[in-house]
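Hi,

Here is the structure I promised to pass on.

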Amino acid sequence: MSTPSGSPERDCSTGGPNHLECPPSSPPGMDHSMGSPLLSPDSSCQDAMLSAPAASPADSESLSPDELELLAKLEEQNRLLEADSKSMRSMSGSRRNSGSSLVSSSSASSNLSHLEEDTWILWGRIVNEWDEWRRKKDKLLKELIRKGIPHHFRAIVWQLLGNATDMPVKNQYSELLKMSSPCEKLIRRDIARTYPEHEFFKGQDSLGQEVLFNVMKAYSLVDREVGYCQGSAFIVGLLLMQMPEEEAFCVFVRLMQEYRLRELFKPTMAELGLCIYQFEYLLQEQLPELNVHFRSQSFHTSMYASSWFLTLFLTFLPMPVATRIFDIFMYEGLEIIFRVGMAILQYNQTDLIQLDMEGMSQHFQKLIPHQFDSCPDKLILRAYQVKYNPKRMKKLRTENRLLKQRIETLEKYTEQFVTGLQTQLEQSRLQEAEILGALKEMQDKVLDLEKRSSSLPDENNVAQLQDELKLVKLRELETLHSFREMQDTVTELNQRWQLHMSKGGGGGGHWKESPKKNALNELQEKLMGVRLREAQAQAELREVKLQNQIHSKLIGRHEVESAAMQERLQQLAGQNKGLQSQLTEMKRKRAELDCKSKEEVMAVRLREADSMAAMAELRQKIAELEIQKEEGLIQGQLNHSDSRQYITQLQDQIGELKNEVTHISCLTVILQTLLSRATYGSEFIHFHTFFVCWYWSTPW
């Protein structure tokens, strides 16, 4: 049996309670010195008692006939006690502080049978001769504890099993109660939830709640790392049902220090995870069908087994059954919790396989706790039929520790990798923001050019101006034509005038002077009117030519500007398209880079995991070789001449394995160093190529 280190099965040759006395005539119905609210005796059934866990064949051979007879009497006594309802009502007593004797004396009750008296005498002798029993009759003591410690002896036996009878911390208890604890509010809040149906703890101002608060507060001050955890109150409550608060405090401190309970109640609850891991191994090995069913229904082990380890079945099973389990726990440690848990699952396997998740939850809550009310020995018997290998459980503990180390390493590496990816993502986002800013700037320029282009004449306006220009040119041609006709008319009139003058001068002076002058004046007036009209026409012609030139230059300039705008617009559209294609290409490359980086990192992580696994396996081989070496030396299987050679071989093998471990450790360190220095993207790919080449070129 595996036990907590340094407590349940340690050597008790020193510091034993030699001052304790338990007169053989003291009956179990008296008010004893460890008085507190008392539990009713454990219920059982005759069949279970007859088949209760007895000594193994090897143990039976080592017991004397007197001891075997004593065991038989004890079984009969337990059967009679638990069948007698009157004995259940007789077990009540009053609480008072412990004195110089932990088990007081009283006159024998007249209604007790000889077997009852023998039981009382037996356990009185065990208490008073405790050191001798632990040294010489340890196997018999183990069997007696498995069959149940008598109720009136539980307080002192638990203290003896935990070596808590004389602890220095007991003298500090009263001072601790005067101090203030940061956990007081939490403790007050949970006190009413601890054994709410038990008479000792009923009522807000009850004595049970007050002493429970005192013990929990005192421990939270002694162990500030753990402080207060709700499940621990049930264990303290059970102790207070058996003994005064000072003794309960000492036993609880010993349980936390020596029975792995402190690790269970730490804030990280790492020990609870280990227990669940070990229990899952037992479940997978011994009940594979039930394990598969649990997994298919997502019914995790922690959903039903966490309270088993945290409260030692005190919140799951009825008090008489849980107290019997606690008896064994005080001697054998957490092993009994594993055994009882597996026994419960074996007993209910057929029913559980037929239920879904909700049905299994109801089955665990309502049916299983009351299956062994009348026969606690039946559960104990089944528990010791469970296969339990302490060495394998120790290896599982080592494997779990190595697994946790690997997980922590991978989490640390993953955190670094995620940080690098986040940095790379931020850089990519900055680049993307810069590209988007440049793209937006180009788009603004394009919009501005489009606005400016819209203010210029469009094609229809240009065509209209061209039509107007044609009309102006036609009017100019018509004006020129009219001007030429007028010139021809003036020329013709001049010719006619010259001809008339020539004819009048040669024909004599028969013309009168005044009529000639009148005609000449008239012609001169006409000529002047024609010349005026000619000048006006020329002025209009010059104005039309000027307007024509202005319009021609304006149209030419608009055409040039429009062509330039169109060319600029095409250039900007091309640049915009190029930027869009560059942005798309960058996104695609970044996605490819992310994918490739993830693949490379996963490959590196797998290699690192393989390295860690190889290291764990090599360390396990080293441990096995060292164990083989020690076993070979202790058992004397090697003679003097061969032992040195065998030890030398073992040392050589251990040296080779240590060299391999060192080599792999160096590889891991180099890997982590390169990973911490490597950048991402193309540099990460170059790093991985270098690492792969180095890894496969290194001789192993």
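This is a predicted model: local features need pLDDT of at least 70, side-chain atom pairs count only at pLDDT 80 or more; totals for chains, interfaces and linings use all residues.

Below is what turned up, going from the whole chain down to single residues.

A word on the ground rules. Residues are numbered from 1 along each chain as its sequence is written, and side-chain values use heavy atoms, with hydrogens and water left out.

**Overall**

The protein chain has 26 helices and zero strands (DSSP runs, H or I of at least four residues for helices and E of at least two for strands, numbered from the N terminus). Of its 700 residues, 41% are buried; buried means under 20% relative accessible area, exposed over 50%, and partly exposed in between, with a 1.4 Å probe and protein chains only. Among contacts (heavy atoms within 4.5 Å) with a separation of 6 or more, 84% are between residues 24 or more positions apart.

**Cores**

The largest nonpolar core holds 113 residues. By core I mean a set of buried Ala, Val, Leu, Ile, Met, Phe, Trp, Tyr and Cys residues joined through side-chain atoms within 4.5 Å. Leu255, Leu261, Tyr304, Trp308, Phe326 and Leu345 touch the most other members. Beyond its neighbours within four places in sequence, Phe326 is in contact with Trp158, Ile235, Leu238, Leu239, Leu255 and Leu312. There is also a second, separate core of six residues, including Leu618, Ile622, Leu625 and Leu657.

Helix H21 (residues 376-383) has Pro376, Asp377, Leu379, Ile380 and Ala383 buried. They line one face of H21, because its buried residues fall within an arc of 155° seen down the axis (the arc is taken over directions from the helix axis to the C-beta atoms).

**Salt bridges**

I count 26 salt bridges in the structure, each being a side-chain nitrogen of Lys or Arg within 4 Å of a carboxyl oxygen of Asp or Glu.

- Glu332 and Arg146 meet at 2.9 Å, N to O. Glu332 is in helix H18 (residues 319-332) and Arg146 in helix H7 (residues 138-146), so this pair ties together parts 186 residues apart in sequence. Both Glu332 and Arg146 are buried.
- Arg254 pairs with Glu258, with the closest N and O atoms 3.9 Å apart. They sit four residues apart in helix H13 (residues 245-258), so about one helical turn separates them. Arg254 counts as buried, at 16% relative accessibility.
- Arg392 pairs with Glu399, closest N and O atoms 3.5 Å apart. Arg392 is partly exposed at 24% relative accessibility, and Glu399 is partly exposed at 25%.
- Asp223, Glu225, Arg262, Glu263 and Lys266 are linked in a salt-bridge network.

Leu471, Leu474 and Leu477 make a nonpolar surface patch with about 300 Å² of accessible area together. Patch residues have over 30% relative accessible area and no salt bridge; like charges are joined within 9 Å, nonpolar side chains (Val, Leu, Ile, Met, Phe, Trp, Tyr) within 5 Å. Leu471 lies in helix H23 (residues 459-505) and is partly exposed, at 49% relative accessibility.

Leu421 belongs to helix H22 (residues 390-455) and is partly exposed at 22%.

Cheers

Definitions and conventions
Accessible areas come from the Shrake-Rupley method with a 1.4 Å probe; for residues, only the protein chains shown count as cover.
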